[in-house]
Amino acid sequence: MARDGESRSFRRKFCKLCFDKVERIDYKDDRRLTRFITDRGKIVPRRISGTCARHQSQITEAVKRARILALLPFTSEQYR
Amino acid sequence: MKLYETTIIFDPSLEEARVNEEMERVTGPIAQAGGEVIEVQRWGKRKLAYLIGKRRDGTYVHVKHKSPPTLVAEMDRRFRLNESVLRHLTVIAPKESPKEEPKAGEEGEKAAAATPAVGE
């Protein structure tokens, strides 16, 4: 039985991209990028996804490029 | 001269022949300016993530090329004027990471090495 206060189990976040040993995130790889945007189309912050600084900045750039090419949405239309 | 990647989204109503024609107008000047077209990928018709000019789809073409920077500026100007181009994006191509490709090769070799062993 978990003690009070410890019932919320902590799990250390880790960078999934480092785990997969991804060298470079490509803006054309929209399937991989969808994992790092919310259902509203926002970029998931590091504190949530646990990505490392290097990969997060790559994600940011890639998502922004993919949005220009309409591979990813700027915003999800159903919420408008 | 730098290595660039250009992605162009054409109007989906353009026929194959028209797209080819448009592509010649892109690749032609590259060769003329002393550049080099390295690869042309046609992604075909894809659904857009949002509407562009009331269109749901677009015909995607991806070109890898070596061009002088002045030509890239000129290409950008022409794409803007061209009404059959819905969107375009040119970025400096990342340096090739040799890590990923040998991986696939290794697996292939392993599989190839494994099969004869089983046969014997």
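Modeller: Helices here are DSSP runs of at least four residues, numbered from the N terminus, and in that numbering A:Ala70 lies in the segment after helix H4 (53–68) of chain A. Please keep in mind throughout that this is a predicted model.

I begin with the sheet of chain B, an open one of 4 strands, arranged in the order S2-S3-S1-S4 with antiparallel pairing. Strand S2 (36–52) and strand S4 (85–92) of chain B stand at its edges, and because each has a single partner strand, one side of each is left without a neighbour in the sheet. On average, and with direction ignored, neighbouring strands of this sheet are turned by 20° against each other.

Helix H1 (residues 16–32) of chain B packs on the sheet, where this helix touches S1, S2 and strand S3 (55–67) of chain B, and its direction makes about 20° with that of S3(B). Helix H2 (residues 69–81) of chain B also packs on the sheet, touching S1, S3 and S4 of chain B, with a direction that makes about 165° with that of S4(B).

Strand S1 (residues 2–10) of chain B pairs with S4(B) in the antiparallel sense over 7 bridges, while 9 bridges join S1(B) to S3(B), again running antiparallel. Residue by residue, B:Glu5 stands opposite B:Val91 in S4(B), B:Thr7 stands opposite B:Leu89 in S4(B), and B:Leu3 stands opposite B:Lys66 in S3(B). S1(B) is mostly covered, with 7 of its 9 residues buried. As a general point, the side chains in a regular strand alternate between the two faces of the sheet.

Turning to the meeting of the two chains, 11 residues of chain A are in contact with 14 residues of chain B. On the side of chain A that touches chain B, the residues divide into 7 nonpolar, no polar and 4 charged.

A:Ala70 brings this picture back to the individual residue: leaving aside its neighbours within four places in sequence, A:Ala70 is in contact with B:Ile9, B:Leu48, B:Ala49, B:Tyr50, B:Ile52, B:Gly58 and B:Arg87. A residue counts as buried if 20 or more other C-beta atoms lie within 10 Å of its own, and A:Ala70 is therefore buried, with 24 other C-beta atoms within 10 Å. Within its own chain, A:Ala70 and A:Arg11 are 59 residues apart along the chain, and their C-alpha atoms are separated by 35 Å.

Notes. Residues are numbered from 1 along each chain as its sequence is written. Chains are lettered from A and ligands numbered from 1 in the order in which they are written. This is a predicted model: local features need pLDDT of at least 70, side-chain atom pairs count only at pLDDT 80 or more; totals for chains, interfaces and linings use all residues. Two strands pair if DSSP finds at least two bridges between them. Helices (H or I, at least four residues) and strands (E, at least two) are DSSP runs, numbered from the N terminus. Axes are lines fitted to C-alpha atoms, for helices over the stretch in contact, and angles run from 0 to 180 degrees between N-to-C directions. Two residues are in contact if their C-beta atoms, placed from the backbone, lie within 7 Å. A residue is buried if 20 or more other C-beta atoms lie within 10 Å of its own, exposed if 12 or fewer, and partly exposed in between; C-beta atoms are placed from the backbone. Ala, Val, Leu, Ile, Met, Phe, Trp, Tyr, Cys and Pro count as nonpolar, Asp, Glu, Lys and Arg as charged, and the others, Gly among them, as polar.
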